[in-house]
Amino acid sequence: MGTPTCIICKASGETAGNMLEKCHARQKIKILGSHRKFSCDMCDIHLSEQEWLDNHFTGDKHSWVADRVEKLLPVQFIPIDMIVVDKTQINPYTGVPEFWQEFRCVVCKVGFSPIDRYKKHVGSLFHLRRSAGEDVKWIDGMN
């Protein structure tokens with residue numbers, strides 16, 4: 001019958017499962033790069049250091065995701081449109097108006113500036129839990 005071989009990446013293995021593992025590993029390297037060798041596929045995170053992955057496995061976010069996967073509950077949710085609000089204020093020291101954008105999460109009803117803080121929020125355990133319908137409360141400075 002021959003050795004199973006992937007027609008796309010040409011990975012081969014002694015069994016179909018072994019071939020699939022090799023094919024998956026090659027695809028992961030192509031998509032994520034060779035520097036992100038350590039992954040938690042359940043949480044969809046890919047890291048460059050084993051120590052970081054070990055820390056992830058002991059964290060609250062991984063525990064929450066693993067619990068939901070075990071119960072066959074959804075973990076990933078459909079991304080929602082971000083609301084961008086143009087903000088202004090008068091600097092009390094110079095009297096000059098200041099302009100910036102605030103990025104609002106409609107699920108959690110909180111705003112962030114700059115956008116990097118919004119992106120970090122969307123990946124947080126708090127946001128995941130709110131997206132799942134859990135009644136978690138926002139505490140300023142805790143996200």
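**Close-up 1. Salt bridge at D67.** D67 is partly exposed, with a relative accessible area of 33%. Here buried means under 20% relative accessible area, exposed over 50%, and partly exposed in between (1.4 Å probe, protein chains only). D67 pairs with K71 in a salt bridge, their closest N and O atoms being 3.1 Å apart. A salt bridge is a side-chain nitrogen of Lys or Arg within 4 Å of a carboxyl oxygen of Asp or Glu. The structure holds four of them. This is a predicted model: local features need pLDDT of at least 70, side-chain atom pairs count only at pLDDT 80 or more, and totals for chains, interfaces and linings use all residues. Residues are numbered from 1 along each chain as its sequence is written, and side-chain values use heavy atoms, with hydrogens and water left out.

Close-up 2. E134 meets R129 in a salt bridge, 2.6 Å from N to O. E134 is partly exposed at 24% relative accessible area. R129 also counts as partly exposed, at 29%. D135 and K137 form a salt bridge too, 3.0 Å from N to O. Both D135 and K137 are exposed.

**Close-up 3. Helix α3 and its buried side.** Helix α3 spans residues 60-70, and its H62, W64, V65 and R68 are buried. Helices (H or I, at least four residues) and strands (E, at least two) are DSSP runs, numbered from the N terminus. The buried residues pack against β1 (38-40), α2 (50-57) and α5 (125-131); contact means heavy atoms within 4.5 Å. D60 and E70 are exposed, on the face turned away from the buried side. L72 follows α3 and has a positive phi, near 60°.

**Close-up 4. Cysteines without a disulfide.** The structure holds zero disulfides. A disulfide is a pair of cysteine sulfur atoms within 2.5 Å. The sulfur of C6 has its closest cysteine sulfur in C23, at 3.5 Å, too far for a bond. C23 is in no disulfide either; its nearest cysteine sulfur, that of C9, is 3.5 Å away. C6 is buried, at 9% relative accessible area. C23 is buried as well, at 12%.
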